[in-house]
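Open the model in your viewer and switch to a cartoon view. The stops below go from one element to the next.

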Amino acid sequence: MAKLHVETSVNGEPTEFLCEPHTTLLDALRNDIGLTGTKEGCATGDCGACSVTLNGRLVCSCLVLAAEVSGQEVGTVEGVADAETLHPVQQKLLEHAGLQCGICTPGVVVAAKALLERDPNPSERDVRFWLAGNLCRCTGYDKIIRAVLDAATEMRA
Amino acid sequence: MQAGFEQPRTIEEATALLQKHGDAARPFAGGTDLLVQMRGGMRSPDILVDLKRIPELGQLEIGSDEIVIGAACSTASLRENAELVRLLPGLLEAAELIGSEQIQGRSSIGGNLCNASPAADSVPALVANSAVCSVAGPDGRRDVPAAEFSTGPGSTVLGSGELLVSLRVPRPAPDAGDAYLRFIPRSEMDIAVVGVGVALTLDADGTCTAARVALGAVGPTVIDATTAATALLGGPIDTAALERVSEAAREAARPIDDKRGTAAYRKHVAGVLTRRTVEIAARRAAEGN
């Protein structure tokens with residue numbers, strides 16, 4: 001069977017690629033489009049390492065089919081910083097040392113940014129619940145939570 | 001057969017595709033169960049029929065008599081509708097418990113029903129609210145009460161070529177209230193040990209005039225606990241009524257022993273959780289009076 005031709009938008013850029021019918025968006029991003037910032041953790045929707053936005057909504061790209069995103073808008077971690085200027089969430093994760101091995105970090109960045117776009121002033125509890133789908137085996141979460149709260153404060157200023 | 005991916009634009013196209021390919025095809029909405037099952041080798045459909053380009057599957061309509069929820073509406077999108085949350089807080093608190101924020105962006109109440117897990121969170125709330133499933137097939141439409149949709153773990157009433165189009169929930173009266181509670185040993189991201197959905201109506205004197213109690217994860221399908229509902233009718237929701245409904249729920253539960261809990265433990269929790277859920281639903285109903 002011929003591969004499917006998909007025309008979509010990734011981080012605002014028109015993008016096209018070919019994929020098999022059951023290829024995941026995660027695999028298409030990494031292998032066909034060459035955006036390897038999005039990571040594969042569990043590949044079953046449990047860990048959040050592959051978090052991206054689809055039409056502005058936070059999703060696991062391992063549970064989205066590449067063929068589905070035809071005509072849709074995909075947002076990945078590569079679209080978060082403004083050229084050389086880090087997004088406040090990225091900057092604060094660095095300042096608070098909210099990462100060690102870094103595999104979960106792209107997913108945390110995408111998820112935290114999505115939260116702050118919906119709620120500029122989340123409570124600590126809100127942040128913890130929102131990021132419950134982003135597993136981190138290094139930090140113990142506390143530094144991540146503090147970084148996101150600090151980023152929220154800076155973005156409101 | 002080779003792998004395929006279809007995006008029908010109408011229900012007729014979708015049912016024709018499902019009928020043509022039979023067991024080789026599978027309806028696909030958010031994929032939060034199906035893609036995981038495929039990866040685990042539990043299902044291996046050749047053709048995935050994406051339902052999200054069909055307008056009726058994505059509709060949300062709050063009418064004066066009933067609320068129509070498209071089977072493929074993401075639970076995140078449902079939570080953003082303030083009127084829906086106000087009218088059916090119990091159904092929405094059940095839907096909100098399905099997975100992480102990432103899963104919420106894709107998971108649907110329709111998918112939760114069709115996956116037919118005995119522990120599905122939204123199903124007790126649907127049954128308590130007397131939801132009706134609109135099913136489309138090659139021979140047209142039929143209605144199935146949510147309480148009868150699942151026929152066992154992983155199986156439903158859907159026949160060849162059929163798909164779930166929407167859930168229709170009677171619009172609750174101002175003096176009605178619903179609630180859903182789930183027991184899990186942690187605070188997030190887990191599968192129910194027991195889940196309880198309750199919807200009830202209180203008149204101006206506080207007398208319970210209608211009630212429905214549904215128990216999840218304590219039987220092969222969600223249990224429509226009519227004896228528990230009857231225990232609430234005709235009087236106030238007082239200590240005696242709470243004790244009656246708790247006892248009736250314990251009796252109605254038919255759990256098994258598994259890694260999430262023993263049958264005896266689940267029966268006990270079903271009683272405790274039912275009492276608490278009834279109290280929340282009654283408070284909401286009283287606020288509407």
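How far apart should the ends of helix 3 of chain A be, at 1.5 Å a residue? This is a predicted model, and the check can be made on its C-alpha atoms. With 14 residues, helix 3 of chain A should span 20 Å, and its end C-alpha atoms are 20 Å apart, so the two agree.

Next, select the sheet of chain A. Its 5 strands lie in the order 2-1-5-3-4, forming an open sheet with mixed pairing. At the edges are strand 2 (13-19) and strand 4 (57-60) of chain A, each of which pairs on one side only. On average, neighbouring strands in this sheet are turned by 40° against each other, direction ignored.

Now pick residues 51-54 and 73-75 of chain A, which are strand 3 and strand 5. These two strands run antiparallel and are joined by 2 bridges. Within strand 5 of chain A, Gly75(A) stands opposite Thr53(A).

Return to helix 3 of chain A, residues 105-118, which packs on the sheet. Helix 3 touches strand 3 and strand 4 of chain A, and its direction makes about 40° with that of strand 3.

Is helix 3 of chain A mostly covered or mostly open? Mostly covered: 12 of its 14 residues are buried. Among them are Thr105(A), Pro106(A), Lys113(A) and Leu116(A).

Definitions and conventions:
Residues numbered from 1 in each chain as written. Chains lettered and ligands numbered in written order. Predicted model: local features only at pLDDT ≥ 70, side-chain atom pairs only at ≥ 80, totals over all residues. Pairing = 2+ DSSP bridges. Helix = DSSP H or I, 4+ residues; strand = E, 2+ residues; numbered from the N terminus. Axes fitted to C-alpha atoms, helices over the stretch in contact; angles between N-to-C directions. Contact = placed C-beta atoms within 7 Å. Expected span 1.5 Å × (residues − 1). Buried ≥ 20, exposed ≤ 12 C-beta atoms within 10 Å, placed from the backbone.
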